[in-house]
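Here are a few notes from going through this one. Have the model open while you read, and tell me if anything looks off to you.

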Amino acid sequence: MAPNPTGLRKGLTSYGDPGFSLFLRKAFIKGAGYTDGALDRPVVGIASTGSAYNPCHGNAPQLLEAVKRGVMLAGGLPMEFPTISIHESFAAPTSMYLRNLMSMDTEEMVRAQPMDAVVLIGGCDKTVPAQLMGAASAGIPSIQLITGSMLTGSHRGERVGACTDCRRYWGRFRAGEIDDDEVGEVNDQLVASVGTCSVMGTASTMACIAEALGMTVPGGASPPAVTADRMRVAEQTGTRAVQMARDGLSIDKVLTPAAFENAMRVLLAIGGSTNGIVHLTAIAGRMGLDVDLDALDRVGRETPVLLDLKPSGQHYMEDFHRAGGMATLLRELRPLLRLDALTVTGRTLGEEIEASGPGFDQDVVRPIARPIYPQGGIAVLRGNLAPGGAIIKQSAADARLMEHEGRAVVFENLEDLAERIDSDDLDVTADDVLVLKNIGPRGAPGMPEAGYLPIPRKLARAGVKDIVRMSDGRMSGTAFGTIVLHITPESAIGGPLAHVRNGDRIRLSVRAREIALLVSDEELARRAEASPVVAPTAGRGYRKLFLETVTQADQGVDFDFLRAAKTMGKVPE
Ligand code: FES
Ligand code: MG
């Protein structure tokens, strides 16, 4: 992009008379009460995702005001515009089904409307990846503003926050340890304010990843939604966007292989959500970069988990913020980072770490010599059950189960699971392996976070807290357990998972990075022939587009036609 902001002149649909087009454009915007003096400036679009259906973005009005102030202080013209907003609890069949739609909305509105730079306001799980994917494809100077985490609440003297504690209390309720009244009481406390989930779920993971990618102002990941720190970050973001427009600091200069490598390091070091891998793969794909899962696993072996946050550790996002946020983490990780990666500030990540000063005593980010977990939180598995790979969040798994062989207890799909999981007749023991099919990208569809299979009620009552579970789906970053996810290719398109039967033996070895179905190739081929898989289709609409073009987990579950046309290389390099 040319260094000179083109402002409202950008993309005039002239039909032979650009002067008239600009004349019309100005007439309409003046109709909204603007003077000529307001118009001849760099235009900063602000993608606003406030929605009554999205309490994670409940501070959007205040953020908008602060961004606009920042833009105007720097001499720019702020122009907010709406896009799709997605919340985890209010999007059916699953938020992931809509992520690519939001990315297309973001990309095309950034492209269509005159703006020299764009501020992306996102927070809830799928919104930040959707915005980064869209902005990466649109290509103009772009900067991410995170909405920020919610505050923690208190239940009978115990600190609680969404949604690791949601799961914990619901588990206790299912096991009959707490009653209706108490589960209602804790429900009041789990989400104590607007903002995103307060643990290291996908929203917090993507916030940290956005900062690690260099896509936010320094310190942009951690301030809670309702704090003055968050509002000041918003003001700085607006100011920075104007300068990015003036400098022509387009997104391709920030989203480089070095930036993705840093983001992966951070994802592993924070014990981040497994969803982060899928999203990073999709964002990288928009830049023509392929995520190399085996290289990621190697990087994981040498990247310790340093951040002591739930669900892998004990603290909440607001504690991370008090401990200095990403500056503290990046300082510790420094020897493992690509310090030359450029950020939205126009300086490198190394320069920003340098500028953040020496740090102080705190107990949320561990020193690299004394990690909370010696290797990266996520391991990549392969084997005849997952030729295209699968993953496990080992930092949130039961160490006892990570080398395990057991008998498969198979559920064909979500309905089958709902019907039988709590039945007293279910033939299951704590040594078995629960297998769920048909929750992959095309299976459910949208690869829902159903990979966190509940412990069968009869085992839960007997005090069983963990059991090996596996599927082609995803899992919420706020969940924990010995759970294998993203089995690729998925069962709905005929992956080997489709042919697992009750009673088959399955071996999981995190040490050997292996997931094996102990059934011969010949037998699997026989089963495939006897019961061929018919992939799901749809007759019309978005569902048709989705089912016909969605890619597998190892491609980021993006639509095949949205990926960059040209392949530029692999990450991590
Ligand atoms: Fe929005 Fe958890 S539901 S971040
Ligand atoms: Mg989530």
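This is a predicted model: local features need pLDDT of at least 70, side-chain atom pairs count only at pLDDT 80 or more; totals for chains, interfaces and linings use all residues.

1. The centres of domain 1 and domain 3, taken over C-alpha atoms, sit 55 Å apart. For orientation, the domain assignment puts domain 1 at 1–28, domain 2 at 153–187 and domain 3 at 382–536.

2. Next, have a look at Leu8, which lies in the segment before helix H1 (18–31). Is Leu8 buried or exposed? Leu8 has 21 other C-beta atoms within 10 Å, and the cut-off for buried is 20 or more, so Leu8 counts as buried.

3. What does Leu8 touch? Leaving out residues up to four places away in sequence, the list is Leu22, Arg25, Lys26, Leu39, Val43 and Pro114. For Lys26, which is 18 residues along the chain from Leu8, the C-alpha separation is 8.1 Å.

4. Now to a helix pair. Two packed helices are described by the angle between their axes and the distance between the axes. For helix H10 (residues 257–269) and helix H11 (residues 275–286), the axes come within 11 Å and cross at roughly 175 degrees. Angles over 145 count as roughly antiparallel, so that is what H10 is to H11.

5. Which residues meet between H10 and H11? H10 brings Phe260, Ala263, Met264 and Leu267, while H11 brings Gly276, Leu280 and Ala284. Sorted by class, this H10 contact with H11 has six nonpolar residues, one polar and no charged ones.

Technical notes:
Residues are numbered from 1 along each chain as its sequence is written. Chains are lettered from A and ligands numbered from 1 in the order in which they are written. Domain bounds come from an automatic or database domain assignment. Axes are lines fitted to C-alpha atoms, for helices over the stretch in contact, and angles run from 0 to 180 degrees between N-to-C directions. Helices (H or I, at least four residues) and strands (E, at least two) are DSSP runs, numbered from the N terminus. Angles under 35 degrees count as roughly parallel, over 145 as roughly antiparallel, 65 to 115 as roughly perpendicular and the rest as oblique. Two residues are in contact if their C-beta atoms, placed from the backbone, lie within 7 Å. Ala, Val, Leu, Ile, Met, Phe, Trp, Tyr, Cys and Pro count as nonpolar, Asp, Glu, Lys and Arg as charged, and the others, Gly among them, as polar. A residue is buried if 20 or more other C-beta atoms lie within 10 Å of its own, exposed if 12 or fewer, and partly exposed in between; C-beta atoms are placed from the backbone.
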